[in-house]
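Here are some notes to read alongside the model, written for someone meeting it for the first time. Please keep the structure open as you go through the points.

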Amino acid sequence: MRLSFTSVCLLLGPLSLPAEDAGELFLNQVQPILKRECLGCHGDGQILGNLDLRTREAMLKGGPRGSALAPGNAAASLLYQLLNGRDKLQMPPGKPLPPDAMAAFKAWIDAGAPWPAARSKPWSYQPEDLWAFQPVSKPKPPIATRNPVDAFILEKLSQNGLKPAPPADKRTLIRRATIDLTGLPPTPEEVDAFLKDTSPDAWGRLIERLLASPRYGERWGRHWLDVVRYADSGGYSNDFERPNAWRYRDYVIRSFNHDKPYDRFVREQIAGDEIDPDNPEAILATGFLRSGPWEHTGMSVEAVTRQMFLDDVTSAIGAAFLGLTVGCARCHDHKFDPIPTRDYYRMQAVFAATEFARPSIPFLEDENTAGLASGKARMAEIARRTKSNLDSFDDRVKQYLLKKHGAARLEDLPPETIQNAVREKEGITAEEYEEYKLYQKHMQLYRESLDRFEPKAFAVSSGPLDGFTDGGPNLRYPPLARYKAPEVHILPGGNIQSPAAAVTPGALSIIAGQSRLPAPDIPETVAGRRTALAGWITDPRNPLTARVMVNRIWQYHFGKGLAADASNFGKMGSKPTHPELLDLLASYFMDNGWSVKAMHRLIMLSDAYQRASSHPDIETVIAKDAGNKLLACVSPRRVEAEVLRDAILAVSGELSLESGGPGVFPQINEDVARQPLHRMGSLAPAYHPDATKRLRNRRTIYTFQQRSLVDPMIEVFNGPSLDLSCERREFSTVPTQAFSLFNGQFVHDMALAFAVRLEKEAPDARGRIERAFRLAYGRVPEPREMQLALAHLEKQTRHHRAMPPPARPRKKPVVHTITSELTGEKFEFLQEQDPAEYEENVHPSGVSPQTRALADFALALLNSSEFVYVY
Amino acid sequence: MFINRRRFFSQSTMGLGPVALSYLVSRDQARAGVLAPQKPHHAAKAKHCIFLLMEGGPSHIDTFDPKPKLEQIHMTRFQKERNRFEANMNTGERYYVRSPFEFRRAGRLGIEINSLFQSFSEVVDDVCFYRGLQAESVNHPTALYHLNTGNQFGGDPAAGAWVSYGLGTINQNLPAFVVLPDVAYPQGGAANWSNGYLPAHYQGTPLRPEGAPVLDMAPPPGVTLESQRANLELLNEFNRLHRQRHPHHDELAARMESYELAFRMQAEMPRVLDLSSERPRTLEMYAIGGPDKEAAAFGRRCLLARRLIEAGVRFVQLIAMGWDSHDYIEKAHGARMRAIDQPIAALLKDLKRTGLLEETLVVWAGEFGRSPDNGIRRGGAAWGRDHNAKAMPVWLAGGGVKAGHIAGATDDVGGGAIECIHPIKDFHVTLLHLLGLNDDKLRFPHAGREKQLSQTGGSVIRELLG
C-alpha cells in the first residue's frame, strides 16, 4: 500500500518527484511560502514589477523579463533564480528563504510545478494499522488455564505447532526473578532459602518479598528514567548541573516502591503542580517535563531555546505515555500515522504557558538527607578555595591601580576606574586572565552544585513563578515582557521564523475518531491546560496509555514487548504478536487500580514467565518461530550496564545500599576522569570520584548523570541515551566491552575486594572457590570448574610470588591545558583538588600473592558469560 | 546463505527476537565479522575518509576567501538591531574588521590563500575549495553536532559511523571509525562521534593523545601479558563449559570471540601507533620533533591518520581545537594556521606519494565560519570575528574530488554565501556519494522511521565532483 501523503522531507533526493507527490509538496510547503512571502507585492492588492505570482498561468506568463517559471527546470526558472539571489536581485528583498524552503521550490519546479487545487485524500490505511487507537477490549481467555496470560500464549503456540518448554529449575528462577525485580543477583542465602521452600506458594512469596524490597524501585525506576531521558545536567556548551533533578529521580523510585497507581503517576508528572499544589511529591514529579537537554546562553536565540523546550516536551509526552512518534509531525503531517502537524502544535499549545520554576519544597521524610550537610561542606570548601583565588586576582588588579595612579587608597580613585580595571583585568597577564576566567567558570558551576543540598524542586509552573528566574545560569528562562499565555502557531517545516495559523490547545484528533474517548476540553487560560491533557491521557477510555505501559512492563520481563517497539504503536511500529493478550493486560491493569505491582504478579505467576530458556525441540522452534515471538521458551538476556556494575559491587561485598539523595560520583576510568572538558569559554573542573566507598559504591541509578561525561563502562555496555527517550536497550557485543571488564581498573579493584571477602568467608581454597561460585552464579562449581580454578590459583600464586606488584601510585594532580579563546595561546593549569580524604580501594601491594591469585580467578568469574547473562 | 549485514541489521531491529538474532549474529560474525567490508552502492574512487575538523569555527575571510572590500570599510561602526531570532552575541554596536593577514596566489589557478599557508600552497592544485556551504546554527555544540551527525541536537550517528555501517572495514583488528581528538574534547563531547542508534560497532573510537590511546586497552600496571593471557584462558574455559550447557544460545560464541578480538586489537594497535618505523625525513615533513609544539602534536595526528588509513581503517576524524577567535584574530588564527600548515600539506603529499590520495577523501571544515564584523568588547576594538552560519571555509581533496577548483562564492564582505549555496545535509550526501554510498539507501530503522545521515534527504553538490 502506498501513502498518498508526502511532504518535502522525503523529497529532496536527487531524482525528480512523481507529479502527485510534487502536488502535495506544493500544497504543504510551496504555496504557504508564496502566500506569506511573495503575494504581498506580487498579487494581493499590488503587482510590483508587473509580475503576478497568484496562479501557475500568471507565473508562466511572467513579467517584463519573461516567464517566471520553466516547469521541469528550476535552475532555468526566473522565480528560482530570484529566490536564490544569483541575479544580483534577491527575493524576498533582504530576506532569503531558508535552505529547506529553497529545496522545496527547487523540487517542485523540477517536477514540473504542478498546481493542484486541493489536497487529495490525506492518509489511507489498512484497518490493522490503527489497532492501537481502538478501544481496549476485555478478551475472554480462549482456553482454560490457571493464569489467563497462559491461555493466549498456549493457544498461539499450538496454532503454530509448537510445544512450550518445561519450567526452569528453581535456581534459574530465583536468579531470573531477583534480577528482574531488583537488578541484583540473589545472595547464596536467598537461593538456599528458596530451594528449601517446597511449599506450593514458594514462588508467589518470593515475588512478594522482591516486590517489597526497596531495591525494586531502584530497578524499575531506572526503566522509567530511560523512558523520560533523565539526566542531572542540561547538556550542550556548559552542561550545567541541574542541582535538584535528583529529587525527581527519587520521586520516581518512591513511586514504584509505593506502587503509586500509574494513572496518578502520569498525571503528577504532567501537571502535579496544578492538580495537587500542596503536595510536595506532585511538584517534584513535574521534573519530567524539563528532563530533556536544554540550554540558554549568550549565543542562543531566545525563540529557538523556547521552541527547543516545547518540541522536547511534546515529543517526550508522545513517546513516554502514548507510545507515538508525535515528534515526526513537527515539520509536516506525520508520514505514517494519522497525526497532522496541527495536532502536534495543539499538543504543544498545552505547554505554551508552562514556565520553568525552582520553588522551595522542604525535604520529605522519605528523602535521604543524611549526606547533605557533609556534601555541602565539601562543595563549599571547594568553592571557597576557588573564590579566594579569584579574590587574589582582584587584589592584584587593585594594587596595580594604586601604583599606576600613585594613589594611597582605592577610595581616592573614581569608582568607574576601579570597576573598569577589574572588568578588564588591567595589570595581570593574559595567562592570568585565562586562569581568572577558568575560576569564574568554575564558580558559576559550583553555585549550581551548592544548590544540590537545598530544599528546592526542579519543576515547572503555569505562568511566572519566582519572577521567571529559575536559579542558576542554565536554568534562567528568557523572561517574557508581560505574562500572558503565548499563542502557539503551526510552524511548517519546524521553522520558527515562518509561523502559520495559530492553534488552540488540544490533543490527538485520531483518538476521538477511533476510540470512545472524546476530544479533551482544554482551557485557554494560563492554568489548567496540562491538567486537562493529563486527564485525557489517563482517562480509562484512552486506548494508548494502559496498553503502552503494560507493554513496557512485559518488555522488561521478557526482553521484548508484545508490541516490539515500545514507544511506537503507530503504523511503522511492530504489530503486537498477541493483541488480545495485550488488551487483557491493559484492562486488568486499569481494573486493578493501575497497579504496576499487580502486573508483575500476573505476569510472573504465569507459566510463560517460568519456562526454561532451553527447549527440548529447539530446532523446530527456530524453524517456526525464529524470533521466539511466541514464547515457547524464555530468551536469555545479557544484563544491562547498571545491573552489571551493581552485581560486580554486590558480589565483591562493596555495594553500598544507601538509597536516595544527590547524585554520587563513582570510580570511573582514570583517563576519562582526567580528561579536560570544554565549558563555554573555559574548562570544567576535573572529575573527582566520591572519596568514601559509601558514596562511590552506591547503586548505579544514584550516580550523577552528566550528559557530557558518561561513565565509559556504562556507555560501552549500551547505557541509555541521555538525550532521547530510550524505549529499549541495545545489547551489542563489542571488544571494547572486553577491555572495560577485563582490563579496567574498577573491575580489577572489585576482583581484589572480592578475593579479600572470600578469604574472610571461607577458610581454604576449595571453600573460597565454592563461595565465589555461589555469590556470582548462585550455584556450586562443577568438579571440572573446581579443578580449573584450583590449578589457576596455584599457577597464579607462583606467578605473583615471583612478580611483586608495583606500589600504589600516588594521586597525581590534574593539569589541564587551555587555549585562550581570545588570543589562541595555550596555558597550563593545575585543576582544583578534592579537599576530602580519599578512602582507597584495596591494592595488590597490600595483599599476599595468594590473595592476588584469588583475585585473578575472581576477575575471570566477573567476566564470564554466566555472570552477565540471565536465563 | 550469505547474509547481507546491512539488511540483516535493519531486519533485526524491525522485530527479529533474541534467539534468531543471536543465531544469525554469530553465524555472520563467524564468517566475516560484523564489520566485514561491504560493496558500495555505486562505484567510487574514495574508499576511506580523513575528516579534518577545525573546532571553533575557522574564519573563511582569513583563510581561503579573502575580502579586499573590508580594507575600505575597516573600523566602520554600525548598529545591529536585536530581535528574538538573533543571539545576543551578534547584535548591538559593531564594526567591520579587515583581515590582518597577507594573502598569496598559489597553484595553477592562482587561488588566493593566507600566506601563512606556506607548505599548503604547494598542494592547492589537489584541493577543491568550497565557499557555498551554510550551517544552521551559530552555537558551537549544536553546529558541531550538525556537521558531525546531521542533527543539531545530537543523539544521532556520526558521519563516520554511517560510513562504517555502509562500507564495513578492511582490518578486523582495528575499529572502523577512529577519532584523533585534541587533548580536550570539543563541546558536546563524545556525542560528536557517537554511533547513535546504529549498532555499537560503528561508534568512533577516540585515540587519546595522552594516557592510554584506547580506554582500558592495556590492563592495570603490574599485570603482565602472561598473567593476562592465563586469566583469559581460565575465562575461556569457564565460558566453554557454560556454552556446553547452553548450546543453542549463540551469542555466547560471539562474546568469546570478542575477547579474542580485543586481545588481537591490544597487540595490533600499538604497532599502528608506533612511529619509530617512519623515516626521519617523514617525521620532519609532518613537523614532528620541530620547534612548534602545536604543529608537532598536530603533525603526529596527521601521520597517524595516514598510518590508520594504510592499516585499513575506514574513517579517521582529526580534531584541531581553538578556532573560536572572537578577538585578536591575528594571534589566535595565526597560531592555528601555523600549526596545521605543514602537517596538512605533508599528509596530502604523503597520501599522494603512496597513491592513497586516489582512494582517500580528505575534508577540511569547521562547524561554521566567522563574521566580517565584530562586537565592541573589553572596552574597545580587539580585531576578531563572531560566529557566522551563512558562510564558512571548506575544502576537499582526494578520491573523486575536482582538484584545483573553487566552487561557490560569498558576497563582497564575506557575510554570506551567494553562489552554489547548499545546506549541511547536501554536504553529507556529497560526502557519502564520494565514498560510493547513496544517502537515500543508507538508512536504518529507528523510532518508527527509516533514518539517514541527511535526516530528510538532500542532493549531491555536483560542483565538487571531479
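1. Let's start with P92(A), which sits in the loop between helix 3 (78-84) and helix 4 (99-110) of chain A. Helices here are DSSP runs of H or I with at least four residues, strands are runs of E with at least two, and both are numbered from the N terminus. The peptide bond leading from M91(A) into P92(A) is cis, with omega near -15 degrees.

2. A word on what you are looking at: this is a predicted model, in which local features need pLDDT of at least 70 and side-chain atom pairs count only at pLDDT 80 or more, while totals for chains, interfaces and linings use all residues. Residues are numbered from 1 along each chain as its sequence is written, and chains are lettered from A and ligands numbered from 1 in the order in which they are written.

3. Two loop residues of chain A deserve a look for their backbone. Most residues other than glycine have a negative phi, and most peptide bonds are trans. R229(A), though not a glycine, has a positive phi of about 50 degrees, and its place is the loop between helix 9 (214-227) and helix 10 (245-257) of chain A. D259(A) is not a glycine either and has a positive phi of about 50 degrees; this residue lies in the loop between helix 10 and helix 11 (262-275) of chain A.

4. Are these two residues buried or exposed? A residue is buried if 20 or more other C-beta atoms lie within 10 Å of its own, exposed if 12 or fewer, and partly exposed in between, with C-beta atoms placed from the backbone. R229(A) is buried because 24 other C-beta atoms lie within 10 Å. D259(A) has 18 C-beta neighbours inside 10 Å, so D259(A) counts as partly exposed.

5. On to the domains of chain A: domain 1 covers 8-110 and domain 2 covers 641-870, with bounds from an automatic or database domain assignment. Their C-alpha centres lie 61 Å apart.

6. How many residues does each chain bring to the contact? Chain A brings 97 residues and chain B brings 91, where two residues are in contact if their C-beta atoms, placed from the backbone, lie within 7 Å. On the side of chain B that touches chain A, helix 6 of chain B gives the most, with 10 residues. That side divides into 44 nonpolar, 32 polar and 15 charged residues; Ala, Val, Leu, Ile, Met, Phe, Trp, Tyr, Cys and Pro count as nonpolar, Asp, Glu, Lys and Arg as charged, and the others, Gly among them, as polar.

7. Chain B has 11 helices and 21 strands, and 59% of its 466 residues are buried. Strand 4 (residues 103-106) and strand 5 (residues 111-114) of chain B pair in the antiparallel sense over four bridges; pairing requires at least two bridges found by DSSP. F103(B) stands opposite N114(B), and G107(B) in this hairpin takes a positive phi near 75 degrees.

8. Finally, the nonpolar cores, which are sets of buried Ala, Val, Leu, Ile, Met, Phe, Trp, Tyr and Cys residues joined through C-beta atoms within 7 Å. The largest has 200 residues, of which A858(A) and L52(B) touch the most other members. Helix 10 of chain B gives the most to this core, with 12 residues. A second, separate core of 129 residues includes A245(A) and W536(A).
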